[in-house]
Amino acid sequence: MGTCVGGVVEAITKPIDIFEAMKFENRNELSPMLVRNGIRSMTLWEAMKKANEITTLSCVPERYFERLVHAKNLTTLFTVLIDDVVDKYKDRKLLDRISTIPHEEELGVFLVCEKSEDSPLSLARAAWNEIMAFLKTGPQFYQYRDLFLFDIGELIQCQRYNYSINITPSLCNCEEYLAYGTHNFNVKPHMTMDLMFSPEFKKEDLSNFRAALHHIQIAIQLVNDVYTIDREINDEVSFGNFATIYTIENDGIQIKDVYDGSAYEIVESFAMEKFERLWESHIDEARKSLKNVKSFDVDRFFVSLYKIRGMYEMASGLI
C-alpha cells in the first residue's frame, strides 16, 4: 500500500512505537525512545550496551553476537523497570505483578495488562517476550533454561529485599545486603544467556565458572552502587545501595540524613575505601576459580570487568 507522488509510489510507513523498537531490526530506535519516556539516560543505555558487548564470552560464535547483545540489552531494560518500581515508585503491588512475568508461560496464566508506553508492567512483559523468543533459538537453551530462570529469580528476590529496606530502612545491614542485594546487576543472567549460545563450552568448567560469577556479581554490583549514589539518594531516596548501608552501619550518617538529602557527599567519601578492599577481594577470588578454565578467554573477560568499572567511574552522576 502506498501513495503516488510525481509518478513514484511512496510506501506509507507506520511510526515505530517503543514496543516495535524492542525488535532486533529496530534496535537503534530503542534507547532514544526510552530516554524520551523518562526511563534513565542515554549515558546509561550506551554504557550498558558497551558492557554487554565486551563481556560476551569469547566462546559465543560470531553469528549469534549481535542478537545476543540485543537480548542482553532488553534484559537490562527488564531489570531497570523493576528497579524503578522498587526505588522510584516503591509500589509493592506492581512489583508482585512484574515478578510473575518470567513464569507466565509455564503457568499458563497471563495477567491482563493494557499495552501502554507509560506502564512498567506492559514494557517489562514486552521486553521479556522478545528475550525469550530469541533465547529459544539457542542451541543450548533447554540445557540452561532452568538456570536462567533461577538467575532471574535471584534478581527479583534482590529487588524484593531492596523494597523491604526502602520501606523499613532500620533493616539495613551490610551482611544481608551483600547476600541478597547484589543480584541486581545482570552478571549471572547474562552469562547464562552466553552459555545457551556456546555449544563448545565444557561442562567440567561450569562449577568453577559459577563460583567465579558469584564473586564477580558482587564486585560489579558494588561498582554500580558507588557510582550511582547521587541518583539513589537525591532522586529516589533509596536505601538499596551498599555505600549508603555501610555508611549508616558505621555511624557516618543516620537514616534521616537520606530522607532530607544531606547524605550524598558523606556517603561518597565514607564508603570508598571499603569498596576498594571488597572489589579487590572478590576479583581475586574470581581469578582463583577461573585459573584452570579453558572454555573461553579468561584474561579478556577480566579486562572487560575493569573496563566496566572505568566506564562507571567516568559516568559517575550521569547514570
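**Cavities**

Guide: Lining the second largest cavity are I54, T55, T56, L57, S58, F296, D297, R300, F301 and S304. This is a predicted model, with local features needing pLDDT of at least 70, side-chain atom pairs counting only at pLDDT 80 or more, and totals for chains, interfaces and linings using all residues. Residues are numbered from 1 along each chain as its sequence is written, and side-chain values use heavy atoms, with hydrogens and water left out.

Visitor: Which elements give two or more residues to that lining?

Guide: α2 and α16 do, and α16 gives the most, with three residues. Helices here are DSSP runs (H or I, at least four residues), numbered from the N terminus.

Visitor: What counts as a cavity?

Guide: On a 1 Å grid over the protein atoms alone, a cavity is a set of points where a 1.4 Å probe fits but cannot get out; lining residues have an atom within 4 Å of a point.

Visitor: How many cavities of 30 Å³ or more are there?

Guide: Five. A volume is the space filled by probe spheres set on the points, which are joined across faces, edges and corners.

Visitor: Which residues lie nearest the centre of the largest cavity?

Guide: M48, N184, F185, N186 and Y312, out of 26 lining residues. α2 supplies the largest share of that lining, five residues.

Terms used
1 Å grid on protein atoms, 1.4 Å probe; cavity = no way out; pocket = protein on both sides within 12 Å on 5 of 7 lines; lining within 4 Å.
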